[in-house]
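Thank you for coming, everyone.

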Amino acid sequence: MQLARVIGTVVATQKAAGLEGARLLLVQPLRRSGAPSGTPVVAADATQMAGPGELVYVVAAREAALAMPEPFVPVDHAIVGIVDEVAAADSSGPARWERPS
Amino acid sequence: MKLARVAATVVSTINVPVYDNRKLLLCDLVSADGTPAGGYLIAVDTVGAGAGETVLLMDEGNSARQILAARDAPVRAVVVGIVDHVELASPGSGASPGAPASANRTTKAPAARRPRRSRGHGVQGAE
């Protein structure tokens, strides 16, 4: 799993069968430092509660579909949790991980 | 499996039910000599690993689900062991069996920053 920031919402009326009702969010994967890593991806929100600006963790690949109510769906990234805090053991910048207020 | 060092704990209240009461560790990937290899993973802890410890990281979904005994869990990365040390065969030694121990370089995992708790498989409660 990787950390990511929710940066937008995706609305699609025409979707593959099985994706009805799925919340689709645009997320920016993050590096360990909190800096963006690569291009944003569209992830299905398995928590049903994530919103723009929030720090989340995302599971990729086949496991993403398992987070959905129906596990055999075409989903390759899923938000499986909303981060409250990254409790760093060293001084590697926990402040950068704080949730936006 | 991958070698990694535990850097932080990820705390979340809102998550998919399978993550309830499981500890999530943010692990920096390290190379064989213990230096950062670039990249990190968030993994479910199954061994009671703590910050600063070098761990064995499984990054494969079927194995993860087997370890967690959860057939349909959306989990891919799991911490499956705590590394005591890594022994590297020195270049040119051929790593032949029976070679003197001095021919090997040993990378000691850095000492943990806190005393270790009792281990054992199974899920550790959130702290």
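Predicted model: local features only at pLDDT ≥ 70, side-chain atom pairs only at ≥ 80, totals over all residues.

Let me start with the largest nonpolar core, which has 59 residues, and in which Val56(A), Ala78(A) and Cys27(B) have the most contacts; such a core is a set of buried Ala, Val, Leu, Ile, Met, Phe, Trp, Tyr and Cys residues joined through C-beta atoms within 7 Å, buried meaning that 20 or more other C-beta atoms lie within 10 Å of a residue's own, with C-beta atoms placed from the backbone. The element that gives the most to this core is strand 1 of chain B, residues 2-11, with 6 residues, strands being DSSP runs of E of at least two residues, numbered from the N terminus.

Residues are numbered from 1 along each chain as its sequence is written, while chains are lettered from A and ligands numbered from 1 in the order in which they are written.

Turning to the two chains together, 26 residues of chain B are in contact with 29 residues of chain A, contact meaning C-beta atoms, placed from the backbone, within 7 Å. Of the side of chain B that touches chain A, the largest share, 5 residues, comes from strand 1 of chain B. That strand is also joined by 4 bridges to strand 6 of chain A, residues 85-88, and the two run antiparallel, with Val10(B) as the bridge partner of Val86(A).

Within chain A, finally, strand 1 (residues 2-10) and strand 2 (residues 24-29) pair in the antiparallel sense over 6 bridges, where pairing requires that DSSP finds at least two bridges between the strands.

Terms used. Buried ≥ 20, exposed ≤ 12 C-beta atoms within 10 Å, placed from the backbone.
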